[in-house]
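Subject: Structure for your review, with notes

Dear colleague,

Please find the structure below, handed over together with its sequence. My notes on what was found in it follow directly after.

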Amino acid sequence: MRGISRFAWYVLALLALACICTVLPAGCKANMSGGHQSASSAASASSASGSASTSSDVAGEGEPSSSQVLSSAAASEGFAGEGAVLEVRFLDVGQGDCALVSCGGHHALIDGGPAQESDKVFTVLRNLGVASLDFVVATHADADHIGGIPAALRQAPTATCYSPVLEDQTETFATMKRYVEQGGGTLVVPVIPTELDLGGARLRIIGPTAPFDNDNDNSLVCRLEFGATSLLFMGDAESSAEQALIASGADLHADVLKVGHHGSANSTSPALVRAVQPASAVISVGADNGYGHPAARVLQTLQDASAVVYRTDQMGDVVAVSDGQRFLFSTGARRATQQHPADASGDAASEGGAAEGTAAEGDAAAAGTSEEAAEAAAQGYKYTSMKQFVDALPEGTAFIGNTRTKKFHSLDCPSVKAMKGKNATALASVEQAHELGYTPCGTCNPG
Ligand SMILES: [Zn+2]
Ligand SMILES: [Zn+2]
């Protein structure tokens with residue numbers, strides 16, 4: 001139980017970091033490194049932050065350092081990635097795919113979304129401190145998968161970008177290739193299967209098992225493994241590729257299925273779902289897309305298999321975190337929601353900071369508007385509700401801190417119910433609250 005509780009703490013810290021990182025402009029990260037933000041200083045030591053080297057110092061002087069938590073939690077587990085946590089962020093990029101995979105201070109990108117989401121992709125990587133990508137997988141050459149890769153590479157270059165093809169007719173593909181090469185990287189068609197290490201996790205590229213004429217069927221299919229947990233990324237593979245994959249005898253079982261082709265009707269056959277047996281499924285899809293994705297048939301197939309479905313069109317960013325034993329999920333606010341005028345005065349992102357240094361300063365193909373970036377940053381990684389936060393509280397939580405006001409409250413304080421989930425952090429004791437710089441709420445007089 002202790003391990004689970006610690007994992008929950010860690011996840012909480014990570015999610016708090018995700019909230020704060022995405023909302024804060026770069027200038028505020030200095031504050032975080034200075035230890036002003038308690039939740040983030042603990043979480044900064046994590047794999048999620050590419051700036052682990054600087055921020056782990058902070059965690060050392062701070063409180064329940066997640067590195068300590070991890071090292072002791074890992075001691076009882078004993079798999080290759082011990083001491084690390086795997087995080088997979090399925091970014092809400094509208095109609096498209098983009099997943100940032102982080103483990104043990106290493107990062108990789110599986111698809112980059114469409115070009116119009118460039119600012120979002122850039123901003124997320126920058127705010128997480130991701131300075132380089134161990135590798136990029138461009139599952140196939142369609143624009144809704146590779147259009148945003150240049151923006152990702154501007155923030156975080158890579159040595160290797162895997163793609164099923166070296167050439168494609170489109171300007172989008174040419175731009176991606178140029179960015180890979182300008183960053184000193186190489187475009188590579190992987191041998192199937194290829195195994196790649198990522199900070200204790202392992203990514204196996206297991207498909208396509210044969211060349212297909214259809215671009216989508218030719219998608220690189222990846223199985224990500226971490227301890228006893230696994231995810232299967234189907235790209236846009238459709239039923240022919242699925243059948244071939246099953247026939248290949250590859251291990252397709254996965255806890256999480258990144259559903260193929262945005263949930264289109266000609267993907268995610270019952271046979272594939274039987275082979276994968278996912279507990280959870282992620283559908284990366286745009287709201288009101290013109291393709292009718294996801295198809296009712298696919299949703300039914302997943303429901304029949306008792307898979308919990310996470311959809312980026314309904315939930316915004318979907319973040320899956322594994323300790324090697326199981327996954328925990330969190331989701332962000334839906335992107336279209338216009339919200340929180342009351343928040344605006346206090347939110348760093350709304351002070352214009354998020355707009356600085358965005359992808360807009362470069363190539364037109366990789367540029368969007370800075371307003372979009374600010375909006376994406378302001379809306380990313382929030383708990384949908386305080387209830388969601390409270391439901392996910394780790395064992396041993398005694399108080400709730402408000403990361404913005406730096407007050408801490410008893411669990412039943414009316415202020416807690418009014419607090420926004422993104423501002424909330426769990427605290428185990430009065431001592432911890434004090435050490436992290438929180439002062440007691442005048443209403444509930446905690447402790
Ligand atoms: Zn697609
Ligand atoms: Zn496609």
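Which elements do the buried residues of helix 12 pack against? They pack against helix 11, strand 12 (280-283) and strand 13. Please keep in mind throughout that this is a predicted model, and that every value quoted here was computed from it.

Overall picture

The secondary structure of the protein chain comes to 18 helices and 19 strands, and of its 447 residues 57% count as buried. Among the contacts between residues at least 6 apart in sequence, 68% join residues that are at least 24 apart.

Helix 12

Helix 12 covers residues 296-304, and its buried residues are Val298, Thr301 and Leu302. Around the helix axis these residues cover an arc of only 95 degrees, which puts them on the same side of helix 12.

Ala296 and Ser264 are 32 residues apart in sequence, while their C-alpha atoms are 9.0 Å apart in space. After helix 12 comes Ser306, whose phi is positive, near 60 degrees.

Helix 10

Helix 10 (residues 239-248) has Ala241, Glu242 and Leu245 as buried residues. Seen down the axis of helix 10, these buried residues fall within an arc of 100 degrees, so they line one face of the helix. The elements that cover them include strand 8 (201-207), strand 9 (221-226) and helix 11 (270-276). Just after helix 10, Gly249 takes a positive phi of about 80 degrees.

Strand 8 and strand 9 pair in the antiparallel sense over five bridges, and the bridge partner of Ile205 in strand 9 is Cys222.

Another open sheet is formed by four strands in the order 18-16-17-19, again with mixed pairing. Here strand 18 (424-427) and strand 19 (439-440) stand at the edges, and because each has a single partner strand, one side of each is left without a neighbour in the sheet. Strand 16 (residues 399-402) pairs with strand 18 in the antiparallel sense over four bridges, and the bridge partner of Phe399 in strand 18 is Leu427.

Backbone geometry to look at

A cis peptide bond joins Ile192 and Pro193, with omega at about -5 degrees, and Pro193 is found in the loop between strand 6 (186-188) and strand 7. The peptide bond from Gly207 to Pro208 is also cis, with omega near 10 degrees, and Pro208 is found in the loop between strand 8 and strand 9.

Asp111, although it is not a glycine, has a positive phi of about 70 degrees; Asp111 lies in strand 3 (residues 106-112) and is buried, with 34 other C-beta atoms within 10 Å. His262 is likewise a residue other than glycine with a positive phi, near 55 degrees. His262 lies in the loop between strand 11 (256-258) and helix 11, and is buried, with 25 other C-beta atoms within 10 Å.

Notes:
Residues are numbered from 1 along each chain as its sequence is written. Chains are lettered from A and ligands numbered from 1 in the order in which they are written. This is a predicted model: local features need pLDDT of at least 70, side-chain atom pairs count only at pLDDT 80 or more; totals for chains, interfaces and linings use all residues. A residue is buried if 20 or more other C-beta atoms lie within 10 Å of its own, exposed if 12 or fewer, and partly exposed in between; C-beta atoms are placed from the backbone. Helices (H or I, at least four residues) and strands (E, at least two) are DSSP runs, numbered from the N terminus. The arc is that of the directions from the helix axis to the C-beta atoms. Two residues are in contact if their C-beta atoms, placed from the backbone, lie within 7 Å. Two strands pair if DSSP finds at least two bridges between them.
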